Amino acid sequence: WNRVMDINIKGTFFVCQEAIRIMLEKQIPGRIVNLASMAGESGGRAISADYSVTKGGVIALTKTLARHFGAYNILVNAVAPGVIETEMTKEWRAKSLKEIPMKRFGDPREVATVIRFLVSDDASYVNGEVVRINGGQYL
């Protein structure tokens with residue numbers, strides 16, 4: 001429990017804290033994109049409670065930071081992937097496929113594409129959002 005909290009919540013908080021400190025000190029606009037998870041919104045069926053709780057916390061942290069620092073043109077958003085083809089998801093992919101309307105797993109490049117959008121000028125009015133990338137699994 002503590003290890004997952006340290007990595008997912010505390011780690012995210014401290015990185016955001018330092019990034020925001022630098023942006024404010026240098027008076028530069030910026031973007032932060034946190035990595036949440038579908039489990040943070042829906043609760044994890046195939047994943048542990050500690051993971052789901054921390055990813056829900058990342059979502060709450062994202063929205064709180066967006067509210068507080070948007071006035072400084074520091075935009076904070078999150079992505080919430082579902083099942084993506086990675087080593088982490090290998091063990092429970094088989095039981096997840098039937099729950100995904102698109103009948104395939106996501107590719108890490110699809111997550112990267114959304115992140116690239118969120119840090120671009122095209123997303124200059126996107127703040128405090130959680131972008132779900134899950135093939136329709138969590139509707």
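**Figure 1. Overall view of the predicted model.** The protein has five helices and three strands. Read from the N terminus, these elements follow the order α-β-α-α-β-α-α-β. For 139 residues, a compact globule would have a radius of gyration near 14 Å, and the 15 Å of the protein agrees with this. Along the principal axes, the C-alpha atoms fill a box of roughly 50 × 35 × 25 Å. Buried residues make up 37% of the 139. Among contacts with a separation of 6 or more, 69% are between residues 24 or more positions apart. The accessible surface is about 8,300 Å², and carbon and sulfur atoms account for 57% of this surface.

**Figure 2. The buried and exposed sides of helix α5.** Helix α5 spans residues 108–118, and its buried residues are Val 111, Val 114 and Leu 118. These residues lie on the same side of α5, because they cover an arc of only 60 degrees around the axis. In an α-helix there are 3.6 residues a turn, so residues three or four places apart point the same way. The cover over the buried residues of α5 includes β1 (30–35), β2 (74–81) and β3 (130–133). Arg 109 and Arg 116 are exposed on the other side of α5.

**Figure 3. The start of helix α5, with Asp 107 and Arg 109.** A side-chain oxygen of Asp 107 comes to within 2.7 Å of the backbone nitrogen of Arg 109. The side chains of these two residues also form a salt bridge, in which the closest N and O atoms are 2.9 Å apart. Arg 109 has a relative accessible area of 62% and is therefore exposed. Asp 107, at 23%, is partly exposed.

**Figure 4. The salt bridge between Glu 110 and Arg 104.** The closest N and O atoms of Glu 110 and Arg 104 are 2.6 Å apart. Glu 110 has a relative accessibility of 30% and so counts as partly exposed. Arg 104 also counts as partly exposed, at 37% relative accessibility.

**Figure 5. The salt bridge between Arg 21 and Glu 18 in helix α1.** The structure holds six salt bridges. In the one shown here, the closest N and O atoms of Arg 21 and Glu 18 are 2.6 Å apart. Both residues belong to helix α1 (residues 2–26), where they are three residues apart, or about one turn of the helix. Arg 21 counts as partly exposed, with 38% relative accessibility. Glu 18 is likewise partly exposed, at 37%.

**Figure 6. The surroundings of Ser 37.** Ser 37 is located in the loop between β1 and α2 (39–42). With a relative accessible area of 7%, Ser 37 is buried. Leaving aside residues up to four places away in sequence, Ser 37 touches Tyr 51, Lys 55, Ile 59, Val 79, Ala 80 and Pro 81. One of these, Lys 55, is 18 residues from Ser 37 along the chain, yet the C-alpha atoms of the two are separated by 5.8 Å. A polar atom of the Ser 37 side chain lies 3.1 Å from the backbone nitrogen of Ala 39.

Notes. Residues numbered from 1 in each chain as written. Predicted model: local features only at pLDDT ≥ 70, side-chain atom pairs only at ≥ 80, totals over all residues. Heavy atoms only, no water. Buried < 20%, exposed > 50% of the residue type's maximum accessible area, 1.4 Å probe, protein only. Helix = DSSP H or I, 4+ residues; strand = E, 2+ residues; numbered from the N terminus. Arc of directions from axis to C-beta. Contact = heavy atoms within 4.5 Å. Polar contact = N/O pair within 3.5 Å; in protein donor to acceptor, adjacent residues only side chain to side chain. Rg over C-alpha atoms; globule rule 2.2 N^0.38 Å. Areas by Shrake-Rupley, 256 points an atom, 1.4 Å probe, with all protein chains shown as cover. Salt bridge = Lys/Arg side-chain N within 4 Å of Asp/Glu carboxyl O.
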